[in-house]
Amino acid sequence: MSMSSVLEKPASLLERARASYPRDRVFEFMQPRPAFDQPVDTRKGPILYVEGVSVSFDGFKALNNLSLYINDGELRCIIGPNGAGKTTMMDVITGKTRPDQGQVYFGQTINLLALQEHEIARGGIGRKFQKPTVLETLSVYDNLELAMASNKGVWSCLLHTLNGEQRDRIAEVLHLIRLTAQARQQAGALSHGQKQWLEIGMLLMQNPRILLVDEPVAGMTGEETERTAELLTSLAGRHAVIVVEHDMAFVRSIARTVTVLHQGSVLAEGSMDKIQNDPKVIEVYLGE
Amino acid sequence: MLIRRLLENDRGGQIVLLVLLALLVVVPLLSLGVSDTSVWHLSTYNVTLLGKYLCYALLALSLDLIWGYCGILSLGHGAFFALGGYCMGMYLMRQIGDRGVYGNPELPDFMVFLNWDHLPWYWHGFDMFWFAMLMVVLVPGLLALVFGWLAFRSRVTGVYLSIITQALTYALLLTFFRNEAGFGGNNGLTDFKDILGFPVQADTTRIGLFIASVLALMLGYLLCRLVVTSRLGRVIVAIRDAESRTRFSGYQVEHFKLWLFVLSAMLAGIAGALFVPQVGIINPGEFSPLNSIELVVWVAVGGRATLFGAIAGAFSVNYAKTWFTSLYPEAWLFALGALFVLVTLFLPKGLVGLAGQRKWRRTPKAALSGLPQQQEYAS
Ligand SMILES: Nc1ncnc2c1ncn2[C@@H]1O[C@H](COP(=O)(O)OP(=O)(O)OP(=O)(O)O)[C@@H](O)[C@H]1O
Ligand SMILES: [Mg+2]
């Protein structure tokens, strides 16, 4: 009787600890060097853990104790006024900016802050820039080929030739982003919307587990926007997709869960309806 | 087979290689096969001049690889050329043996003059041709490796990189000027006697060196084509046009830049090594920052990122220089400056861009880039 009560106490403590720490904690020094050769550990649900991240630029806090969890295969929309820190958050996840504080984990075990940009990209996090960036002097086909997951070392690039499977994959993505007819065209000659798609296509060639998509429909026509919504929703499930967007109609059309960022931290999170009726959110958006 | 594939869709390159092949036959014939009283006779002076241009063309090729394709404007590329030249010069000095003024079988004259009693450690091995040739590529390559590693790792780009490359060549200039450095100081290395046992002044040796230069340029061209037509070449262009896109596509940009920089330095070193026995001297003046800037003008005038443009530029600017300096020696630098400004303003694609404009109107696809196209698509 007394034995069991002794045993019970630490158990409940452990449970409480579990509830407050979504990710298993291990001492830093005990962790192996983050490696992508094992499958990403998503047993607890989230594939991306952003925990207590702060970034400051000359004293100005672009991110302020930001915490965010993205589940595997989820489609998450992130909104927030200009300067809220959305792009900075992506910079931190992809290794471009190093935070002053906080932790970013890919699955339970891979510490992204210990990795360089190219390692993170190879490991399965693809990123589309706010300003569409494709390789303008290369053809659409070459853009996709270049992004394709394969050995990206110098010597193997020198000797590389495409195999049948890789050609099929390129053809498949070309079809998905509706650029099959433009495959041999220079990427610089594409319309703005097509460039956005090509960039999304390049991300897909990397076989990412997470897609970070910064303002995908900026500058798109109504019809293009609709198609992009279709494309992104079709990608969710197979990939976790994080979309930053200002276009509210677009967000409403694809969103399941929406996170509102404001002054570098999360202001609100939930369904679109819940967000729109949240007084704090209304104040931030209408107060501007 | 491979050559066919490399020159596919490279009209300019085909022309360049054909011209070089023709030179390979015609020049020896006109120089050695025709009596020197005939109007068709090619003087040794002219053979050497052509040989010099060929070395410059190889140097221009090496700069185009790094500047034209990867956007890294090295303003110190002459340093690699000069280092290759010094390695060859050291071999040639050791070949003099006891035929120098002081007749010392071991030490070059300038060391005897400085009262040195033994050869500095870094001169050892240079009496062997194979060793010297190895150093011709290794010394510039190693310098490029160390310098590039430091610069690219700290992500120095653009103007800053150009300035530090300029500083690099200037620092080497000052070092090689000093007598204590053991490279002949201000006078450099000269009074060469023979190379591989052949007297350097002999007409036949000059032809031999000329042929070696043509072959080096042809091989260099094909090697550069191999690089730029591979996937590696596309990654390099991608780095030039959108560095962060390339990085976030999973490429370690620094490695690519470094690899290319080292390759480029090695090519420049080979060019320098072929240059020295033909002109008969190497001195610290070759490190002059001005040389590196002239080199940039050749490539800009010829046209960047085409490879054959660099060769055309090296030949045309140097021909103009030879002609101009014999008439108005003082005005050459002004002419060079004016040329650079005019080309930058009116001919951003250089001479080959001018020649290619008509063609591009016919095939609009190519007009968009001016870069060689890739034709390896799946059917
Ligand atoms: N490299 C930098 N140096 C200084 N300040 C920066 C830097 N990058 C971002 N900032 C600042 O950090 C804040 C957050 O910028 P961020 O680009 O993340 O905002 P955003 O939410 O993406 O805005 P937008 O909707 O306009 O794209 C802004 O005030 C911006 O000026
Ligand atoms: Mg932004």
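Two strands are said to pair if DSSP finds at least two bridges between them. Helices (H or I, at least four residues) and strands (E, at least two) are DSSP runs, numbered from the N terminus. Within this pair, Pro46(A) stands opposite Asn71(A) in β2(A).

Strands β1(A) and β2(A) belong to an open sheet of four strands, in the order β2-β1-β4-β5 (chain A), with antiparallel pairing. At its edges stand β2 (60-71) and β5 (110-111) of chain A; each has a single partner strand, so one side of each is left without a neighbour in the sheet.

## Basis of the report

Residues are numbered from 1 along each chain as its sequence is written, while chains are lettered from A and ligands numbered from 1 in the order in which they are written. Because the model is predicted, local features need pLDDT of at least 70 and side-chain atom pairs count only at pLDDT 80 or more, whereas totals for chains, interfaces and linings use all residues; side-chain values use heavy atoms, with hydrogens and water left out.

## A six-stranded sheet in chain A

A further open sheet in chain A has six strands in the order β6-β7-β8-β3-β9-β10, and its pairing is mixed. Its edge strands are β6 (125-128) and β10 (265-270) of chain A, each of which pairs on one side only. From one strand to the next, the twist averages 20°. Axes are lines fitted to C-alpha atoms, for helices over the stretch in contact, and angles run from 0 to 180 degrees between N-to-C directions.

Strand β9 (residues 257-262) of chain A pairs with β3 (residues 75-79) of chain A in the parallel sense, over four bridges. Bridge partners here include Cys77(A) with Val258(A) and Arg76(A) with Thr257(A). With β10(A), by contrast, β9(A) pairs in the antiparallel sense over five bridges, and Leu261(A) has Val266(A) as its bridge partner. The hairpin of β9(A) and β10(A) has two residues between the strands, and Gln263(A) takes a positive phi near 50° there. Five of the six residues of β9(A) are buried, so this strand is largely enclosed by the rest of the structure. Buried means under 20% relative accessible area, exposed over 50%, and partly exposed in between (1.4 Å probe, protein chains only).

## Helices of chain A

Helix α2 (residues 86-93) of chain A lies across β3, β6, β7 (210-214), β8 (240-244) and β9 of chain A, at about 150° to β7(A). Helix α7 (residues 192-205) of chain A lies across β6 and β7 of chain A, at about 170° to β6(A).

Helix α4 (residues 140-147) of chain A is mostly covered, as eight of its eight residues are buried. Among them are Tyr141(A), Asp142(A) and Glu145(A). The cover includes α6 (164-176) and α7 of chain A, together with α9 (231-241) of chain B. Contact means heavy atoms within 4.5 Å.

## Helix α6 of chain B

Helix α6 (residues 129-153) of chain B has 25 residues. The expected span of a helix is 1.5 Å times one less than its number of residues.

Buried residues of α6(B) include Met135(B), Val136(B), Pro140(B) and Phe147(B). Their cover includes α4 (78-96), α7 (158-177) and α11 (253-279) of chain B. Just after α6(B), Arg155(B) takes a positive phi of about 55°.

## Gly84 of chain B

Gly84(B) lies in helix α4 of chain B and counts as buried, at 0% relative accessibility. Leaving aside residues up to four places away in sequence, Gly84(B) touches Val136(B), Pro140(B), Gly269(B), Gly272(B) and Ala273(B).

## Cysteines

A disulfide is a covalent bond between the sulfur atoms of two cysteines. Here a disulfide is a pair of cysteine sulfur atoms within 2.5 Å. By this rule, the count over all chains is zero. Cys70(B) is in no disulfide, and the nearest cysteine sulfur, that of Cys157(A), is 13 Å away. Cys70(B) is also buried, with a relative accessible area of 4%.

For Cys87(B), the closest cysteine sulfur is in Cys55(B), 15 Å away and too far for a bond. Cys87(B) counts as buried at 4% relative accessibility.
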